[in-house]
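Trainee: I would like to learn how to read a model like this one. Please take me through it feature by feature.

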Amino acid sequence: MIQRIQTLFLLLGAISAGFMSMNLLGIWEHFAFAMAALISLIIIFLYKKRKLQISLSTWLVIPLYLTGIIIILFFSKVHYDESQNNTTLIISFFVGLIATILAIFSIRKDERIVQESNRLR
């Protein structure tokens with residue numbers, strides 16, 4: 001499980017989503033990123049069910065991406081303090097998003113390898 005690269009990508013995505021969850025002020029943003037971190041950790045333990053991993057990861061990217069875009073577009077004085085440096089939040093969002101997308105590609109690659117080996121039997 002841990003030797004697979006997608007596990008590391010999903011773990012990185014979970015850590016960055018958890019970081020985003022702890023540093024956001026809005027309750028909906030906090031909830032969305034906390035759920036993204038939890039789902040990423042659940043996906044890690046579904047390593048024997050690659051098709052389910054792919055579908056859950058894909059469904060994880062869509063709300064994560066939309067929530068991140070909304071946060072980036074609506075950084076305002078009303079919701080976020082100007083003295084707070086929001087660059088770390090933006091970097092953490094993109095690191096988590098890219099890590100999750102790379103995990104999807106790695107899981108698909110593993111699934112292709114398994115299907116090719118089944119064909120040879």
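Trainee: Is E111 buried or exposed, and what is its relative accessible area?

Mentor: First, the ground rules. This is a predicted model: local features need pLDDT of at least 70, side-chain atom pairs count only at pLDDT 80 or more, and totals for chains, interfaces and linings use all residues. Residues are numbered from 1 along each chain as its sequence is written, and side-chain values use heavy atoms, with hydrogens and water left out. Now the general idea: buried means under 20% relative accessible area, exposed means over 50%, and partly exposed is in between (1.4 Å probe, protein chains only). E111 has a relative accessible area of 12%, so E111 is buried.

Trainee: In which helix does E111 lie?

Mentor: Helices (H or I, at least four residues) and strands (E, at least two) are DSSP runs, numbered from the N terminus. E111 lies in helix α4, residues 87–120.

Trainee: What does the side chain of E111 pair with?

Mentor: Look for polar contacts. These are pairs of N or O atoms within 3.5 Å; within protein, one must be able to donate a hydrogen and the other to accept it, and residues adjacent in sequence count only if both atoms are side-chain atoms. Here the side chains of E111 and R50 make a polar contact of 2.8 Å.

Trainee: How many salt bridges are there?

Mentor: The rule asks for a side-chain nitrogen of Lys or Arg within 4 Å of a carboxyl oxygen of Asp or Glu. The count comes to one salt bridge. E111 forms a salt bridge with R50, with the closest N and O atoms 2.8 Å apart. E111 lies in helix α4 and R50 in helix α3 (residues 50–73), so the pair ties together parts that are 61 residues apart in sequence.

Trainee: Which residues is E111 in contact with, leaving aside neighbours within four places in sequence?

Mentor: Contact means heavy atoms within 4.5 Å. On that basis, E111 is in contact with R50 and K51, leaving aside neighbours within four places in sequence.

Trainee: What does D110 touch?

Mentor: D110 is also placed in helix α4. D110 counts as partly exposed because its relative accessibility is 23%. Not counting residues up to four places away in sequence, D110 touches R4, Q6 and R50. The C-alpha atoms of D110 and Q6 are 9.5 Å apart, across 104 residues of chain.

Trainee: What is the overall fold pattern along the sequence?

Mentor: Read along the sequence, the pattern is α-α-α-α. The protein has four helices and zero strands. Among contacts between residues at least 6 apart in sequence, 72% join residues at least 24 apart.

Trainee: What should helix α4 span, and what do its end C-alpha atoms give?

Mentor: The expected span is 1.5 Å times one less than the number of residues. The 34 residues of α4 should span 50 Å, and its end C-alpha atoms are 50 Å apart, which agrees. Helix α1 (residues 5–23) has 19 residues and should span 27 Å; its end C-alpha atoms are 27 Å apart, which agrees.

Trainee: Which residues are buried in α1?

Mentor: An α-helix has 3.6 residues a turn, so residues three or four places apart point the same way. The buried residues in α1 are Q6, T7, L10, G13, A14, S16, A17, M20 and S21. Those in α4 include L89, S92, F93, G96 and E111.

Trainee: What is S16 in contact with, leaving aside neighbours within four places in sequence?

Mentor: S16 is in contact with S92, V95 and G96, leaving aside those neighbours. S16 is buried, with a relative accessible area of 6%. A polar atom of its side chain lies 3.0 Å from the backbone oxygen of G13.

Trainee: Which residues form the nonpolar patch on the surface?

Mentor: I27, W28, F31, M35, L38 and I42 form that patch. M35 lies in helix α2, residues 27–44. M35 counts as partly exposed, at 33% relative accessibility. Patch members need over 30% relative accessible area and no salt bridge; like charges are joined within 9 Å, nonpolar side chains (Val, Leu, Ile, Met, Phe, Trp, Tyr) within 5 Å. Areas come from the Shrake-Rupley method with a 1.4 Å probe; for residues, only the protein chains shown count as cover. Together the patch has about 680 Å² of accessible area.
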